[in-house]
Amino acid sequence: MADVLPSAELAVARSRSQSPAARRAHGLLPKLGLAVYLLALMLPIYWLVSMSLRSNEDIMSTLAFWPHHPSLQKYYYILNDSTWVHAFGVSLTYVALNTVISVTAALPAAYAFNRFHFIGDKYLFFWLLSNLMAPAAVYAMPFFNFYYAIGLFDTVWAVALAHCLFNVPVAVWILEGFVAGVPREIDEMAAIDGYSFPRFFIRIFLPLIANGVGVTAFFCFMFSWVEQLLATTLTATDALPFAAVMSRSYSVSGMDWSLLAAAGVLTMIPGAIVIWFVRNHIAKGFALGRV
Amino acid sequence: MEKPLNNRAWLMVAPVFVLVLFSALLPMMTVVNYSLQDSMGQNQFFWNGDGWFRDLLNPSTEIGARFQDALSKNLSFSLVALLIEVPLGIAVALTLPRGGRAVGPLLVIIALPMLIPWNVIGTMWQIFSRADIGLFGAALTGLGLHYNVTQNAISAWCTIVVIDVWHWTPLVILLTYAGLRAIPDAFYQAARIDAASRWATFFNIELPKLQKVLVIVVLLRFMQTFMIYTEPFVVTGGGPGSATTFLSIDLVKIALGQVDLGPAAAMSLVYNLITLTICWIFFTIMTQLDRRRYA
Amino acid sequence: MARITLEGIAHSYPRSPTMALHPINHVWEQGRAYALLGPSGCGKTTLLNIISGLILPSQGRVLFDGKDVTQLPTEQRNIAQVFQFPVIYDTMTVGENLAFPLKNRRVERAAIKARVAEIADLLDLTNELPRRARALTVEAKQKVSLGRGLVRADVAAMLFDEPLTVIDPALKWHLRSKLKAVHRALDLLMIYVTHDQVEALTFADEVVVMKDGRVLQVASPAQLFERPEHTFVGYFIGSPGMNLIAAKVSDHVAHVSGHDIELGARYPKIRNGEAVIGFRPDFASLAPEGGIPVQVRRVEDLGRRRLARVALGPHEIFANVPEGVSIGGGQAGLTIQQDRLFVYVDDELVLGDRR
């Protein structure tokens, strides 16, 4: 391949070689639009953070743009309250369990879908896809009965397994896109070199799609972390996720807004941390590896 | 691309198959079971055939009317949301830089709304839209509008639309951005050499190359709006009245609230069938697009 | 029409410490066909993009017919470029594709139609005009890309960035001859970037050989073959390339592995006498006896000629086996044509006194 111009350099070069007028028109308006969008995006989040730092009396009495007497009181309360801490722990647990299960099961399947042709493969793939679109509401009742019947009701396992409904298809779909990016010659060379399939898969293939596995794990984490309908339906007391605890945050004088806000802000943190690690591959992952 | 026929690949697919079987198929069996029966309570069931289904699809029955109402609300919501989110998302994606160090952090910020648990989004907007403690609510009433989420049906409906746009436009942006990045630079260079205007470049190069991504985007967004539950539930509870009672909310109300298993099961099946059909349509469109590309 | 002048053009990419291009001065005469030849990373695409205006060079000026265009953007430079893969507008027909550059420049409809027809005829695309461009074969699509560049009558130069990369090998010659036909018909300045020497040597009037951001030699294909001014040029061009052997050169003799080779010219004092002598297999022949004694390793019959791989001490040498001469394994005698035997110091050609 000839020396290819890196796209960033080209962008710089392009902008530098434009006439000043053109540069202004092309540069300013889009940037302004982007800034407006980002502002609109951050505003509700900012508002929530602001709420979390104010007391309920303060919130109900004035509409302030920023907290005048910020206090981390509610945060301390949450982090020291066993119900809340347990709830966060429960949520993190079933999300982690689900991610591991989904990704592990999806890896061989993604490989099979991409490399092989087998009876019913198109139908199976379509069925998987359709489960991605399954309305959780439709499954709330059947899951309730099902997990009660097998004795897993009100455990992290119930939620972890229930979330497989949509997360396994997500994992297969994204991973399949990344598997497609590995040339088949590599498989053939490994076979010629005498690798057994399990050895080849673990020592050669997996490192090549390490990015893809990371992105997939991120998405499984994300979709499981945000889903609350099934999580609250399938739990009662022992395995309450934070959403259930949040919906019970009443104080004597009505909704405890600042407590809710603080809890809300805390729930954003795991997501933000996880996405930071895969930020460079995010665009490709969102395109489900296929673009 | 020729793929070797290997039925032993089923072994590799088996874990996924089993998992999804238990998550999807078996529970659906119980639903099918309930949808064909009626109950006098106390675990006594008798056969009802397609009775529930006929009731459901008959707008003159109570359940039929309710179903139609929720369905039409959901469809119009999906349409409006799509009409706003897709152009907006594409527009924002076009403004993002094509490379450089700002891209990573920008994408993370843009993706933030999607990382927030849905009940928290509901809570966030519940606060934000109140006229007394929220900026949004205060601003709108300050402008003189009759804005009240809990009492005004239009306010409630519009707010849900705004929430959904806020929440999910990032998905459109990120998918579109990925699609744009996949276009080789040479096309942009050729467009410059051909003295094409920005619009001409968009219509003749970017939009055609985004076809497949846009189909996926529309599919995902339509399906997600079609099964929306948590956000409207937290913010409006389905009200005022039944103004924001979308399909999922109604279904859960019937199923878990009133313990009317028969109608709820029938509704579940029809609901599921609709989503399956739409899914199949999109799947067909996507494979057609693929086939056309390689023609 | 234009002659393009590069004055002190040099470039290094932002955030990169090395120079992608070392200072170059060159004049591209109008109406001639040039090839930019070199391995990956030699800077040829960078140079091409500086000429087309896609890159602003770190140093130097670009002049079109004496006018400084360095700051002008691509669309104001009247150049056209063909890329490695066909760049066509999917949604348009072939005719619409060809008309696009003219439409954007607000040429009137009748003129567009006439010009499109003219170019389509030149490229054998007349029958494809109403078809959707994306339905064509790869070669036809590349022709459409080419056509979009040619359709502008005022285009000053056509630039090609490895345009045959994705073309089926069996059809490369067809496109190449089309390019030559276009060149003759339209008398355009054409600059063709490639790493394939066959393409360069068959297409160009003059070849610019580059390596590591430097221009090593600018000459006609024949001159590059007969008188390479740099060891890389000797090695890169020709199949196989030039034989390059380390030797100790003093006056008119080169000492290699205990043998003395007569150079046919007197060379000035070379530091340590360390140099490299070079000669092409085409100008070295083997005989059963006479000349420099070498060990024969292998003789390959290539149809048109026989190529022998021989060893002089530790050095491996390719040489021609003339017709009618029979060489077995074992010893043979190597004779090198003296006026094609060159001496290189630090990779550069050193001239000797042939009096």
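Which residue in S4(C) is the bridge partner of C:Ala10? The first legend gives the partner. The model is predicted: local features need pLDDT of at least 70, side-chain atom pairs count only at pLDDT 80 or more, and totals for chains, interfaces and linings use all residues. Residues are numbered from 1 along each chain as its sequence is written, while chains are lettered from A and ligands numbered from 1 in the order in which they are written.

**View 1. The open sheet of chain C.** Four strands of chain C form an open sheet in the order S2-S1-S4-S5, with antiparallel pairing. Its edge strands, each pairing on one side only, are S2 (21-28) and S5 (67-68) of chain C. Helices (H or I, at least four residues) and strands (E, at least two) are DSSP runs, numbered from the N terminus, and two strands pair if DSSP finds at least two bridges between them. Strands of a sheet pair through backbone hydrogen bonds, either parallel or antiparallel. Five bridges join S1 (residues 4-11) and S4 (residues 59-64) of chain C in the antiparallel sense. In S4(C), C:Gln59 is the bridge partner of C:Ala10. Helix H1 (residues 44-52) of chain C lies across S1, S2 and S4 of chain C and runs at about 125 degrees to S1(C). Axes are lines fitted to C-alpha atoms, for helices over the stretch in contact, and angles run from 0 to 180 degrees between N-to-C directions.

View 2. Helix H7 (residues 136-149) of chain A packs on helix H1 (residues 9-35) of chain B at an angle of about 100 degrees, and their axes are 9 Å apart. H7(A) is therefore roughly perpendicular to H1(B), a label used for angles of 65 to 115 degrees. From H7(A), the contact is made by A:Tyr139, A:Pro142, A:Phe143, A:Asn145 and A:Phe146; H1(B) contributes B:Leu26, B:Pro27, B:Met28, B:Thr30 and B:Val31. Residues are in contact if their C-beta atoms, placed from the backbone, lie within 7 Å. By class, this contact has eight nonpolar, two polar and no charged residues. Ala, Val, Leu, Ile, Met, Phe, Trp, Tyr, Cys and Pro count as nonpolar, Asp, Glu, Lys and Arg as charged, and the others, Gly among them, as polar.

**View 3. Helix H8 of chain B.** Seven of the nine residues of helix H8 (residues 185-193) of chain B are buried, so the helix is mostly covered. A residue is buried if 20 or more other C-beta atoms lie within 10 Å of its own. The buried residues of H8(B) are B:Phe187, B:Tyr188, B:Gln189, B:Ala190, B:Ala191, B:Arg192 and B:Ile193. They pack against helix H9 (198-209) of chain B together with strand S6 (79-82) of chain C. B:Ala195, whose phi is positive, near 55 degrees, follows H8(B).

**View 4. The surroundings of B:Tyr229.** B:Tyr229 lies in the loop between helix H10 (211-226) and helix H11 (230-235) of chain B. B:Tyr229 is buried because 23 other C-beta atoms lie within 10 Å. Not counting residues up to four places away in sequence, B:Tyr229 touches A:Ala136, A:Ala137, A:Leu229, B:Ser248, B:Ile249 and B:Val252. B:Tyr229 and B:Ser248 are 19 residues apart in sequence and 5.7 Å apart in space, C-alpha to C-alpha.

Note on methods. Contact = placed C-beta atoms within 7 Å. Parallel < 35°, antiparallel > 145°, perpendicular 65-115°, else oblique. Buried ≥ 20, exposed ≤ 12 C-beta atoms within 10 Å, placed from the backbone.
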